[in-house]
Amino acid sequence: MNRRVAVGLFSLLGGLWGSSFVAIEIGLEFFPPLHFAAFRYYLAGLIVLGYALVSTDYWRPRDRTDLLLVAIAGGLMIGGHHAFLYIDQQYVPGAVAAIVISLGPVLTALFATGILGDRLSPLGAAGFAFGFLGVGLVAQPDPNALLSSDVVGVGIVFVAAVCFALGAVLTRPYSSDIPARTLQAWAMLFGAVLLHVGGVATNESVAAIEWTPTAIGSLAYLATISGAAAFLIYFELLSRFGPTQINLIGYLEPVSATLLSWAFLGHLIDPLTAVGFVSIFVGFALIKRRALSELVVSVRHQSSS
């Protein structure tokens, strides 16, 4: 894969995942949130599982470690993360949700410090402070209205980011040869079941779904384009470039989500929210400064060769 192709795929993936926030916001006009998320991942999981069936003999979990990885990824990174994300987008625009979700790599480093015993340097501690300051700037809490819809919405999407980061850390101690596409397919399907059960438990009504062309289009887009297709691009980039470079995609998502929210829904973020996003990115850069420095050196070397 040459550099232009890699940059193109990287940008495309950031755009696709950023667009999912807008598609969710549109689809929630017609679907109850948990069933909407469940239908998305039933469809996406089946597509990725089909790809695993034709591309590898290792298309299903083989042992307890595989099943545990599926349970953690499906329960936290698909089920928990998307339950709170979809509920949240009833309160805040997709662009704001994307900014708070970009805190994920900072939270991952925080949980790795507390759970796995990773070392925390003074600059790393400053990075955490910048990350949480950014969330505060996005939420902009009013002491006289701490339960306003904006503050509640930011709090809910923060829990979504926590679920994803916690799942990423809890899977790290386990070693398995299960291919990423196989793990992701079964995690999607398990997460979809949990989301479906959650929808039933909270009395969401499937009969209330409005099967309009817009509703079907948003679901199809989320399941196939920003779901299955985007994850397959992600697997390819992850195998070639590693997790630090892939984490940078999380900082393209809010940009594309903001632009698309403005283009399709007429929503714009305010300047203080934009400053919050910059603060979150600074936090990530401080925590991952060594890996980012190595990345810059590598890019310069490739450019000069």
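Helices are DSSP runs of at least four residues, numbered from the N terminus, and the model shown in these views is a predicted one.

**View 1. Ser 256 within helix H11.** Ser 256 is found in helix H11, which runs over residues 253-265. Ser 256 counts as buried because its relative accessibility is 13%, and buried means under 20% relative accessible area. Leaving out residues up to four places away in sequence, Ser 256 touches Gly 14, Gly 15, Gly 18 and Ser 19.

**View 2. Helix H11 and what covers its buried residues.** The end C-alpha atoms of H11 are 17 Å apart, which agrees with the 18 Å that its 13 residues should span at 1.5 Å a residue. Buried residues of H11 are Glu 253, Pro 254, Ser 256, Ala 257, Thr 258 and Ser 261, and what covers them includes helix H1 (3-27), helix H4 (94-101) and helix H12 (271-287). Just after H11, Gly 266 takes a positive phi of about 75°.

View 3. Although Leu 252 and Gly 14 are 238 residues apart in sequence, their C-alpha atoms are 5.1 Å apart in space.

**View 4. The annotated span 11-138.** The unreviewed UniProt entry carries the annotation "domain: EamA", covering residues 11-138 and 153-287. In the model, residues 11-138 are 80% helix and 0% strand, and the end C-alpha atoms of this span lie 24 Å apart.

Key:
Residues numbered from 1 in each chain as written. Predicted model: local features only at pLDDT ≥ 70, side-chain atom pairs only at ≥ 80, totals over all residues. Heavy atoms only, no water. Helix = DSSP H or I, 4+ residues; strand = E, 2+ residues; numbered from the N terminus. Buried < 20%, exposed > 50% of the residue type's maximum accessible area, 1.4 Å probe, protein only. Contact = heavy atoms within 4.5 Å. Expected span 1.5 Å × (residues − 1). UniProt positions renumbered as here; feature names shortened; annotations may be inferred.
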